[in-house]
Amino acid sequence: MENYTYEIKVYFVSQDYISQTLDVRKCFFEYNIINNNEFVLHKGVCIDISTKKEGTNVKNDCTGIKLTPEGGKNTAAENISCVVYNVPIMNCSWSVGKEAPEDTQYSMDIRQTKVDLKCQNYRKDSIGRQVGCLLKCEGIIDLKHDVYIQVVGSSNQTSVRFTDKIIKPIDYVILDPPRNIQLSYNSNELEVNWEKPNTYSNHNCFLYNIYIKEKGGLDPIIEHGTVYKTSRFYSNEKVTLTMRVKWHKVCSKQTEWSRWSEPQIIGSDPTRSEFTQNHLLIVLGIGTAVVLILMVFLCHRFRIWTKLFPQVPKPAIKIFEKVDQKEIKVQKFPTHDIPFMKQDEEECVCSYITEISP
């Protein structure tokens, strides 16, 4: 064996490999991956040993030794993805393995050189499994360097595999619009000043996009600095401006623009708002209400409604009133109440009348 040189190569999936010449007196190779920040391990590693005799090249085929993590197939967390909002917060999420038991619980660690963070703020799904983490990383993680993310699972029913991923956080930063946008006139020149988004990066890492409404979308892109000047406007001319920002490709792989900033207005009457369709609907509603109130008042004041729709007269009831009056008179003077009649006396009836001479 002393006539040969032995070399061992360890392949981490499709990434770079590490290699080292073996000492034949020891016949073993050791590489510590406990604090690994460079290789993804959840898909396993492949080990290849090659030999070379002094003066000749002797190559062995790959031994095919493949080491895979413990745990059931398709039980590991899947689709790890992270987003960083400016600098302070990293939001990571993952999905539950297709064959993971219902009692599976996941936990997440983030490692960087001399930094080992454990998630303390998890998001859970409908049955209580942890499927995301909100992590404050400002001043702790360097966004410009790789971080190693590992999600480990556990279950009382079966062994659950871990999964891991290496990302560069700056490639996943979602930027806010530029801050403190200010407009000012200098003679016939419009000057725009702003501050970069709330990140640690310098101004050379950003591209700014300006939109000016009054000019049909004057749309310059500024690569450096935080000042823009244009002489296309007259002094005190009204201007409505909004801005957005994205990373320069030399600083980040994130190529999406941020959202637009709030409109900034400068001009002769910056407080006057534009008449929009919503304003028109409000005016029409108020006008309709006023007209209806005025019509109701006029109808009540001049009794127009009564004149247009007169009431039907009631039927006369005089005949019925006379009959009632007769009945009342009869009831008012009964025979037994007549004062000059006694109950013992009989009523006298006149049979004839005789005329007496003077």
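Below is a short tour of the disulfides, the cores, a sheet, a helix and a few single residues.

This is a predicted model, in which local features need pLDDT of at least 70, side-chain atom pairs count only at pLDDT 80 or more, and totals for chains, interfaces and linings use all residues. Residues are numbered from 1 along each chain as its sequence is written, and side-chain values use heavy atoms, with hydrogens and water left out.

**Disulfides**

- A disulfide is a covalent bond between the sulfur atoms of two cysteines. Here a disulfide is counted when a pair of cysteine sulfur atoms lies within 2.5 Å, and the count comes to three.
- Cys82 and Cys92 form one of them, with sulfur atoms 2.0 Å apart. The torsion about their S-S bond is about 110°, so this disulfide is right-handed.
- Cys82 sits in strand β5 (residues 78–85) and Cys92 in strand β6 (residues 89–95), 10 residues apart. Strands (E, at least two residues) and helices (H or I, at least four) are DSSP runs, numbered from the N terminus.
- Cys82 is buried at 6% relative accessible area, and Cys92 is buried at 1%. Buried means under 20%, exposed over 50%, and partly exposed in between, using a 1.4 Å probe and protein chains only.
- Cys119 is joined to Cys133, S to S 1.9 Å. Cys119 lies in the loop between β8 (115–118) and β9, and Cys133 in strand β10, so the pair ties together parts that are 14 residues apart in sequence.
- Cys205 is joined to Cys251, S to S 2.1 Å. With -75° about the S-S bond, this link is left-handed.
- What is the pairing when the bonded cysteines are numbered in sequence order? The pairing is 1-2, 3-4, 5-6.

**Nonpolar cores**

- A nonpolar core is a set of buried Ala, Val, Leu, Ile, Met, Phe, Trp, Tyr and Cys residues joined through side-chain atoms within 4.5 Å.
- The largest nonpolar core has 50 residues, and those with the most contacts inside it include Trp94, Val192 and Leu241. Strand β19 (residues 239–247) gives the most to this core, with five residues.
- Leaving aside neighbours within four places in sequence, Val192 is in contact with residues including Ile181, Tyr228, Leu241 and Met243. Contact means heavy atoms within 4.5 Å.
- A second, separate core of eight residues includes Val10, Ile18, Val45 and Tyr148.

**An open sheet**

- Three strands form an open sheet in the order β14-β15-β18, with antiparallel pairing. Two strands pair if DSSP finds at least two bridges between them.
- The edge strands, β14 (179–186) and β18 (227–230), each pair on one side only.
- β14 and strand β15 (residues 189–195) pair over six bridges, and Gln182 stands opposite Asn193 in β15.

- Helix α1 (residues 277–301) has 25 residues and reaches 37 Å from its first C-alpha to its last, close to the 36 Å expected at 1.5 Å a residue. The expected span is 1.5 Å times one less than the number of residues.
- Lys52 belongs to strand β3 (residues 45–53) and is partly exposed at 43% relative accessibility. Lys52 and Tyr4 are 48 residues apart in sequence and 5.5 Å apart in space, C-alpha to C-alpha.
- Is Arg129 buried or exposed? Arg129 is buried, with a relative accessible area of 15%. Arg129 lies in the loop between β9 (122–124) and β10 (130–136).
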